[in-house]
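Q: Please take a close look at one part of this model for me. I would like to see how its pieces are held together.

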Amino acid sequence: SDIVSGHFACFNGDIVSSLNVSEMLNQHISMQTKGTLALWEVEDPTRFGIVGIDSNNRINQFKEKPKQSEIFSNLINAGSYILEDDIFDRMPDGKHSLEREIFPKMAEEGVLGGFPFEGYFIDAGTPSSWKTAVSRCILERRFIKGTIQGNSWVESGSVKANNSMIKSGCEVYGKVSDSTLLTGSKVMNGAIVDGCLIGEGSVIGSNAIISDVIVDHGVVVPEGHIQSGGVI
């Protein structure tokens with residue numbers, strides 16, 4: 001989150017997009033809404049919050065993760081918002097959901113604007129879309145620290161990998177491609193890691209071969225282990 005010209009801006013860490021924040025802010029100010037949501041059109045909106053908008057881009061309906069029978073729009077909430085600070089007065093104490101409890105009511109009141117944008121939207125909530133998002137961020141240099149080494153992003157130090165995201169403190173002695181290594185993880189000699197997400201502090205044992213696998217934090221994958229898909 002950040003403050004944009006006196007307004008509160010929230011950007012979901014689970015998405016990568018080509019959103020033009022300046023244009024979105026200009027619309028928010030001109031419409032004088034309490035909040036403006038970035039919107040994107042998808043074929044299957046059941047994994048997202050869907051919105052209905054009028055001809056003036058004012059949101060008049062909002063439904064989080066609708067069933068097939070509840071779909072009234074293919075425009076989804078793209079996870080980036082500009083909000084006036086008095087929206088916090090609408091929030092109840094304790095754990096709650098903006099998308100399920102706040103936005104539907106605001107849509108009924110007509111105090112939300114929608115900002116459909118062009119370009120691309122990548123939801124990073126699945127393993128395959130996460131890999132696509134990482135590749136896009138590397139390609140477009142969407143980072144504020146770290147360096148590009150070959151075709152991978154490396155947070156610190158020097159690590160050899162292919163089209164991958166490597167956080168600080170990682171050690172790679174095997175082969176890593178199309179993968180994400182979180183802080184302090186290690187890939188030992190002869191190991192092959194392809195299309196995987198490796199948790200913090202995990203160790204991939206020598207000569208292990210894993211592809212399209214999610215490895216939890218602090219896991220030691222045994223030497224010679226072979227696995228395609230799933231979790232460890």
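A: This is a predicted model. Start with Lys-63. Its relative accessibility is 32%, so Lys-63 counts as partly exposed. The side chain of Lys-63 meets that of Glu-70 in a salt bridge, with N and O 3.7 Å apart. That falls within the 4 Å cut-off for a salt bridge. Glu-70 counts as partly exposed too, because its relative accessibility is 31%.

Now look at the strand. Strand β6 covers residues 59-64. Glu-64 belongs to β6 and is the bridge partner of Gly-49. Glu-64 has a relative accessible area of 12%, so Glu-64 is buried. The cut-off for buried is under 20%. Glu-64 also forms a salt bridge, and its partner is Lys-65. The closest N and O atoms of that pair are 2.9 Å apart. Lys-65 is partly exposed, with a relative accessible area of 43%.

Next comes the partner strand. β6 pairs with strand β5, residues 49-53. The pairing is antiparallel and runs over 5 bridges. Of the 5 residues of β5, 4 are buried, so the rest of the structure largely encloses this strand.

The two strands form a hairpin. Between β5 and β6 lie 5 residues.

Follow Asn-57 to its neighbour Gln-27. Gln-27 touches Asn-57, and it also touches Thr-36, Gly-114 and Phe-115, leaving aside residues up to four places away in sequence. Gln-27 sits in helix α1, residues 21-31. Its relative accessible area is 14%, so Gln-27 is buried.

Lys-34 lies in the loop between α1 and β4. Lys-34 forms a salt bridge with Asp-86, and their closest N and O atoms are 2.9 Å apart. Asp-86 lies in the loop between β7 and α2, so the pair ties together parts that are 52 residues apart in sequence. Lys-34 is partly exposed, at a relative accessible area of 32%. Asp-86 is partly exposed as well, at 29%.

Last, step back to the whole model. The count of salt bridges comes to 10. Among the residues involved, Arg-136, Glu-140 and Arg-142 are linked in a network. The count of disulfides is 0.

Note on methods
Residues numbered from 1 in each chain as written. Predicted model: local features only at pLDDT ≥ 70, side-chain atom pairs only at ≥ 80, totals over all residues. Heavy atoms only, no water. Buried < 20%, exposed > 50% of the residue type's maximum accessible area, 1.4 Å probe, protein only. Pairing = 2+ DSSP bridges. Disulfide = S-S within 2.5 Å. Contact = heavy atoms within 4.5 Å.
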